[in-house]
Structure formats: structure tokens, C-alpha cells
Amino acid sequence: MMKQIPSTKFPSLEYTPGESICIDNLMPDNKIPFYFNVSEKITQNESAIARVSHALDHMDELVNKARAHLRNIIQNSKDPSYKLLHDFFAFHLLEMDDECLKVMFGMEQPETLSELEMVDLLMLKSLGSSLGEGWLGSNFENEQKKQIFIMDFTFDPEYTDQLIVVYLDANDNILTISHES
């Protein structure tokens, strides 16, 4: 039996309880499409689906919150995630072809970008929800069986497969970040 996700931004999203939701190009109000994925364990629970709906309806706020968190990290070299984020940015500026960087960042001198400016150029590539099992690592024992949200950010995916992944709990609190490809 199909059910509808109670989203006001995406009122036509349907799912089957107990089956995962995978949508390749979910398009918010004239913005860049993103991948949307919800695990089958989450679709079995109506309150978890309500939190998914809330995340969809407040996606812009979540993106802004994640970017603010990344800005805070990159301004604090003592933050445990500073090196990870710094290395992510350095990889793009140092390892990628200059012409690709110009197109990817939409400017003639991408090497002049500060890391803070680069945070603002990150785009949401995917939004998902699952249980914390296996996603968060051993530092998050309390979150292993709870609902989490996973936001993948990247620059233009035509040029890079590198991601900064932001993990949030069901109350939109940021748990951790990772660099993946």
C-alpha cells in the first residue's frame, strides 16, 4: 500500500512502508536537483517519515546550518575536523586541472578563493535518512540505532566525485562530518 510523505514542498512523494525510497533527481523550487534516499527501516515508522518530511520542508535551513558548521570548522584549526575539511579544499585547488577549476567554480582565478568562500560554493548532492548503523563509527554508540540524516555536499559533480558528508541526528543537530568519494 502506497503512502504519501506529508511534505508541503514535495506533496506528491509516495513510498511503500518497508521499502527504501530512491529518487535520482528530486527538484526543489527551481534549484539544482539532488538525490533523495530513505532506508527501508525508516519507511516502516510513521514518526520517522514525519521527520523526513520535516527535513525536506526545511532543507534550505539544513543546508545553511551545515554550511555554517563547515565555516566554523574551517576557521578553527583546533577543531578535530579542520584537517579533513582543509584537505578536501586543498585537493580541489592543488590536484585539479586549472581549466576544470575555472568552469567548476565559475571564475577565472579559482586559486584566489578562500576556504570560507569555497564552503559557500558547495552544493547539496544528496539527502538521505537511515539508522546510524555503520555510518557514524564507534564514537557514536548512542546514535547507532537512531534515525540520522545524511547530507552530501560537493562542487560540480561533472568535475569531482569528492564529497563532504554532514551527519545530523533526528533533531537536526550536527553529529560529525566526513570526506568521501
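At 1.5 Å a residue, the 16 residues of helix α3 should span 22 Å, and its end C-alpha atoms are 23 Å apart, which agrees. The expected span is 1.5 Å times one less than the number of residues in the helix. Helices (H or I, at least four residues) and strands (E, at least two) are DSSP runs, numbered from the N terminus. The model is predicted: local features need pLDDT of at least 70, side-chain atom pairs count only at pLDDT 80 or more, and totals for chains, interfaces and linings use all residues. Residues are numbered from 1 along each chain as its sequence is written, and side-chain values use heavy atoms, with hydrogens and water left out.

One side of α3 is buried. The residues concerned are Met 59, Leu 62, Val 63, Ala 66, Arg 67, Leu 70, Ile 73 and Ile 74. These residues cover an arc of only 135° around the axis, which puts them on the same side of α3. The arc is that of the directions from the helix axis to the C-beta atoms. Glu 61 and Asn 72, on the other side of α3, are exposed. Buried means under 20% relative accessible area, exposed over 50%, and partly exposed in between (1.4 Å probe, protein chains only). An α-helix has 3.6 residues a turn, so residues three or four places apart point the same way.

The protein chain as a whole has six helices and eight strands. Along the sequence, the pattern reads β-β-β-β-α-α-α-α-α-α-β-β-β-β. For 181 residues, a compact globule would have a radius of gyration near 16 Å; the protein chain has 17 Å, which agrees. This radius is taken over C-alpha atoms, and the globule rule is 2.2 Å times the number of residues to the power 0.38. Along the principal axes, the C-alpha atoms fill a box of roughly 55 × 35 × 25 Å. Of the 181 residues, 44% are buried.

Six strands form an open sheet with mixed pairing, in the order β3-β4-β5-β6-β7-β8. β3 (21-26) and β8 (174-180) stand at the edges, each with a single partner strand, so one side of each is left without a neighbour in the sheet. From one strand to the next, the twist averages 15°. Helix α3 (residues 59-74) packs on this sheet and touches β4 (34-38), β5 (123-131), β6, β7 and β8. Contact means heavy atoms within 4.5 Å. The direction of α3 makes about 75° with that of β8. Axes are lines fitted to C-alpha atoms, for helices over the stretch in contact, and angles run from 0 to 180 degrees between N-to-C directions.

Strands β6 (residues 147-154) and β7 (residues 163-169) run antiparallel and are joined by six bridges. Two strands pair if DSSP finds at least two bridges between them. Asp 152 stands opposite Val 165 in β7. β7 and β8 also pair in the antiparallel sense, over six bridges. Here Leu 163 stands opposite Glu 180 in β8. The two strands β7 and β8 form a hairpin with four residues between them. Asp 172 lies in that loop. Its phi is positive, about 70°, although Asp 172 is not a glycine. At 15% relative accessibility, Asp 172 counts as buried.

Helix α4 (residues 82-95) has 14 residues. From first C-alpha to last, α4 reaches 19 Å, close to the 20 Å expected at 1.5 Å a residue. Leu 85, Phe 88, Phe 89, Ala 90 and His 92 are buried in α4. Their cover includes α3, α5 (98-105), α6 (115-121), β7 and β8.
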